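Subject: Structure handover

Hi,

Here is the structure I promised to pass on.

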Amino acid sequence: MIEQFARALKQYWGYDSFLPMQRRAMECIAQGRDSMVILPTGGGKSVCFQAPAVALPGMAVVISPLISLMKDQVDALAECGVSAGRLDSSLAFEERRAVIGRVRAGTLKLLYVSPERVLGEWLIELLGQVNLSLIAVDEAHCISMWGHDFRPEYAELGRLKETFPKVPIHAFTATATDRVRRDIAERLSLREPELLVGSFDRPNLVYSVQRRGNRLEQVRAVIERYRGESGIIYCIRRADVDTLCGELRGAGYRALPYHAGMEDEERRRNQDAFIRDEATIIVATVAFGMGIDKSNVRYVVHAGMPKSIEHYQQESGRAGRDGLEAECVLLWSGADFGVWKHLLGNIEDPLARKIATGKLGEMYDYCNGVGCRHQALVAYFGQSLRRANCAACDICLGGLEPIAEPLDVARKILCSVARQGGAYDVAHTAAVVTGTPKPAVVEAGHDALSTFGLLEAHPRPLVREWIEQLAAQGCLSKDLESGGLTLTPAGWRVIRAEETPRLLAPAPPREEAKVPAKVARPTEEGWAGVDEGLYEVLRRLRKGLAEERKVPAYVIFGDATLRELARRRPSDRENLLAVSGIGERKAGQYGEIFLAVIRQHCIEHGLALDMDFAAV
Ligand code: ADP
């Protein structure tokens, strides 16, 4: 049966092989057993249930939390030639009737439904009349309070199993810690589910973390690296969205805002403009993104610290879904912690507040982390990387370097914390060791300590960094309320010189040639052999077709497919079908025009056609 699924994958989506985990996920479906599939954003979850749904007899039901998400998926399926429909509250009576008609007639392969509808009486009755091949629960973490997107309407889904006892249920999510996983299985009453967990690493994303200084300049530096390409800039508060968006527009960029305080209509317009590549920059709060399948986002900047690593992974993961290189930059300051702390204070349920506060602390540690960012992110999900150097984060690319005397510096700081004798915070401690006689320092008598001024040769912001790094490595613990520092057993071991922590400082400026290519512009390998002129021509062609058909450009062909076209330059239908991402329907629909444009461009520029097709 798996061969049938593979054939469907080729015929409808134009993919020759499975991405990691897709085969095993489809095998579960073939065996008719429940499963839970955990793959990061961009891991290729959708086809895990879509390809089997096409190949199996009957119709699959897909539960999805957002209307925009359902709409995008149904539109994308239609482009691939798959018969899919949706039932949600936005449909007009006539549209709804038409979909119900198709369900009854047995012509739909996939039906998307919102969670609150699926257990409504009339729908249960309707679904009882058809042969259901499987139920897929997308964004399944929404069922768990321990996840980051809890949706009360998902709680209803606990009744799916008793309502449709014979139909296998497959849960899909991108973010699930152990706790969330157990919750999903329990709440959906999955029967001995096969648990499939893919690698959480996204090797095509280059991660970096910077202290926020001149926010506008830092954001502009990223935008400039990707001129004309799509990017998302996240802010913590609505007011920040408005200010930053205004500043960017003032500087001549076509940026649009998005947050929950705007009118629905304007928000939808801005989201559509971004999805359709009419505006390349969206400045948003976390309200933006869950319904966004856009595959060609080339950068995600966080202009403030997110409130949990799960949020960060989810939001930054919206970059580079197409597998091509993309960049994620996090700008933060210690004040962000306070802002979130204040906002989390509004959570009424004490347990939920405690969970959220704990997660905030982990995020803060990530910002101060001194190890590989990829490693830190996957470690959060209980995994580890095999590579010692990811070659795709600021730390591994050498933006920061280990200092020469970490033990000496660390002991000076830790001894000072011990001598200060009370729970003083990072700023206070940094002032003491750098010998800054601030009023609070003098008042506490700390200018008389033997540690006063021990690190006066170093700039205070850097010393603050080191203190944070020591806290992130567990040598100091920080009181969540006051920020006060106390020594931990690990800190004492450092004082006794039994352990040496890792302390980093910015690398000295390098010669031009040595600037890591990835951070400068992480593109090189992805462009090998691609004729960039042809790529631009094809991009314009795609945009025109997308506008005509009123669909987002990436629904026609993803950027990865477009690049492969500009690299391999097929001359006929057979070779066109060998390009990844072009199934029969799309070849029929767009093949001729793309082939004609490619041929014309190659003649005009003396380029060879049909590269690399010999082996196919
Ligand atoms: P997720 O839902 O896990 O975020 P998607 O289903 O959106 O991921 O897929 C991510 C990208 O990978 C999409 O651009 C999709 O077209 C592509 N993709 C999925 N499966 C394959 C495959 N077998 N081969 C090549 N590309 C694939």
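Below are the notes, starting with the ground rules and then going through the ligand site, some helices and a few single residues.

This is a predicted model, so I kept to its own confidence values: local features need pLDDT of at least 70, side-chain atom pairs count only at pLDDT 80 or more, and totals for chains, interfaces and linings use all residues. Residues are numbered from 1 along each chain as its sequence is written, and side-chain values use heavy atoms, with hydrogens and water left out.

**Ligand site**

A nitrogen atom of the ligand sits 2.8 Å from a backbone N or O atom of Ser17. For Gly42, a backbone N or O atom is 2.6 Å from a ligand oxygen, and a polar backbone atom of Gly44 is 3.1 Å from an oxygen atom of the ligand. On its own the ligand has 570 Å² of accessible area, and the protein covers 79% of that (Shrake-Rupley method, 1.4 Å probe; for residues, only the protein chains shown count as cover).

Helices (H or I, at least four residues) and strands (E, at least two) are DSSP runs, numbered from the N terminus. Buried means under 20% relative accessible area, exposed over 50%, and partly exposed in between (1.4 Å probe, protein chains only).

Helix 3 (residues 46–55) is largely enclosed by the rest of the structure, because eight of its ten residues are buried. Those are Val47, Cys48, Phe49, Gln50, Ala51, Pro52, Ala53 and Val54.

Which residues of helix 12 are buried? They are Asp240, Val241, Leu244, Cys245 and Leu248. These cover an arc of only 120 degrees around the axis (taken from the directions from the helix axis to the C-beta atoms), so they lie on the same side of helix 12. Their cover includes helix 11 (215–225), strand 9 (230–234), strand 10 (255–258) and strand 11 (281–284). After helix 12 comes Gly252, with a positive phi near 95 degrees.

Most residues other than glycine have a negative phi. Glu139 has a positive one, near 50 degrees. Glu139 belongs to the loop between strand 5 (132–137) and helix 8 (152–155) and is buried, at 13% relative accessible area. Ala497 also has a positive phi, of about 60 degrees. Its loop runs between helix 22 (489–495) and strand 17 (504–506), and with a relative accessible area of 38% Ala497 is partly exposed.

**A few other residues**

Contact here means heavy atoms within 4.5 Å.

- Glu79, in helix 4 (residues 67–80), is buried at 6% relative accessible area. Not counting residues up to four places away in sequence, Glu79 touches Arg549, Val551, Val555, Arg585, Lys586 and Tyr590.
- Arg568 is in helix 26 (residues 559–568) and is buried at 7% relative accessibility. A polar atom of the Arg568 side chain is 3.1 Å from the backbone oxygen of Asp612.
- Leu476 is part of strand 15 (residues 476–478) and is buried at 3%. The C-alpha atoms of Leu476 and Thr486 are 5.6 Å apart, with the two residues ten apart along the chain. Beyond four places in sequence, the contacts of Leu476 include Leu414, Val417, Ile467 and Leu487.
- Val197, in strand 7 (residues 194–197), is partly exposed at 24%. Its C-alpha atom is 9.8 Å from that of Ala25, 172 residues away along the chain. Leaving out residues up to four places away in sequence, Val197 touches Met21, Ile38, Arg181 and Gln383.

Cheers

Terms used:
A polar contact is a pair of N or O atoms within 3.5 Å; within protein, one must be able to donate a hydrogen and the other to accept it, and residues adjacent in sequence count only if both atoms are side-chain atoms.
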